[in-house]
Structures are given as C-alpha cells and as structure tokens.
Amino acid sequence: MTQLTETVKQLITKARIVSFAQWEQSHPPAAIAIFQAADDNLRYLSDEDLLEIQTLSPNYSALIPVAQLLRDRAAEIVDEARVQVLLTYPEIIEPGGGLYPAERAQACWRDFWHFLRCITYGIAGSHAEYTSPTGLHYMNLLYQELQVPLDAMVLGLKSIKAASLKRCQANDQEITPYFDHLITQLAAFQIQR
C-alpha cells in the first residue's frame, strides 16, 4: 500500500461531502444529530435512525423508504457502477491508468459507496442540496493531489444514479435531484484544474 503524504491525510479529514447546517428550518436538533452521527461514523442510516427521523420530522420523511432501499442495495448499486466505469475505461486499472495499482481502484469504489451514502442522507431528509461547499473544496484539492481520474468518477456517479433509479419504485423526478446535485458538484471539479 502506498504511503499517504501529510497533505493528503489532512485533506482527507477536511473532505466532508455533507453539511446539515441548513437543515434547522426543517429538522429539530435531535434529528440533525442522528444524521450527523451517521456521517461522523461514515455509515448509512440504520432502520432505527430512519424510524426516529420519521418520528421527529414527519413532514420531511416521505422518501425514507427510498433511502432505506438504496442503503440495502448499496453493494449491488456500487458494483454496477464499477462495471460501467471499467467497461468505459478498461485501461484505467492497467499500469499507467488512473486507478492503478489496485489500492487506487479500491479507494475509488469506496468513494462510490460513500457518494451513495451521502445521497441517501439527502433523500432521507428531503434536502436535495445537502453538500458542504467547504468539504467539496477540500475534496477537489484531494482529488487533484491524488490525480483522481475525474471523468471516471463522474461516470461512476452517473452510473450510481442509473443503477439506483432502476431499483426504485419512487417517481424518478422525485429522487433524481439528489443524484444530480452531487454529479453537478463533482463535475465542477474538472473546471477548477
């Protein structure tokens, strides 16, 4: 495994995708604390978390079943996105490719899992704009520092969206904005090079 530089280690701790700062209008502090605890522990919301959020914020919980479904199907959604990236960019995991050696590829697939995790927070809280501008700034710097292949990451996020929509009974228009928000944010990384 490649040693991470001190710069990369610092950027990793600051590259937090989600912010719940704007949720005070819709969610009581106890509900926000549940979301924050899950994010702090880099985990999906549990059934207990979702039930409590639904109780605390009933007016903003219509999409909780969608968040639950996506959480339960996360592994297959991420696998499908990974396959799509590898079909489109087969050379990416070869020597000289953006996801070589294998540890780089594993980090990428882990990011896909975290992207979906963050999207489920937005869906569970009915907040389509759930990202932290500061956290995304540091993520952009991290990706630049690590020379992450952004085209592949954006394709991965679009593939996560497609794989998720295939599995949902919900109206596509209802949940599409949650995916599109993060896709737009990540796609903007390319412009700032």
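Let me start with the largest pocket of this predicted model, which holds about 960 Å³ of space. Its lining is made up of 35 residues, and those that lie nearest the centre of the pocket are Ile12, Ala107, Asp111, Leu142 and Leu146. The largest share, 10 residues, is the contribution of H6. Sorted by class, the lining of the largest pocket contains 21 nonpolar residues, together with 6 polar and 8 charged ones.

Let me turn now to helix H4, residues 64-72, in which Ile64, Val66, Ala67, Leu70 and Arg71 are buried. Where do these buried residues fall when H4 is seen down its axis? They fall within an arc of 160°, and so they line one face of the helix. Among the elements that cover the buried residues of H4 are helix H3 (47-56), helix H5 (74-88), helix H6 (102-125), helix H8 (150-167) and helix H9 (172-187).

Is Ser26 buried or exposed? Its relative accessibility is 12%, and because the cut-off for buried is under 20%, Ser26 counts as buried. Its side chain makes a polar contact, at 2.7 Å, with the side chain of His27. Leaving aside residues up to four places away in sequence, Ser26 touches Ser57, Tyr60 and His127.

Methods. Residues are numbered from 1 along each chain as its sequence is written. This is a predicted model: local features need pLDDT of at least 70, side-chain atom pairs count only at pLDDT 80 or more; totals for chains, interfaces and linings use all residues. Side-chain values use heavy atoms; hydrogens and water are left out. Buried means under 20% relative accessible area, exposed over 50%, partly exposed in between (1.4 Å probe, protein chains only). A polar contact is a pair of N or O atoms within 3.5 Å; within protein, one must be able to donate a hydrogen and the other to accept it, and residues adjacent in sequence count only if both atoms are side-chain atoms. Contact means heavy atoms within 4.5 Å. Helices (H or I, at least four residues) and strands (E, at least two) are DSSP runs, numbered from the N terminus. The arc is that of the directions from the helix axis to the C-beta atoms. On a 1 Å grid over the protein atoms alone, a cavity is a set of points where a 1.4 Å probe fits but cannot get out, and a pocket is an open set with protein on both sides within 12 Å along at least five of seven lines; lining residues have an atom within 4 Å of a point. Grid points are joined across faces, edges and corners, and a volume is the space filled by probe spheres set on the points. Ala, Val, Leu, Ile, Met, Phe, Trp, Tyr, Cys and Pro count as nonpolar, Asp, Glu, Lys and Arg as charged, and the others, Gly among them, as polar.
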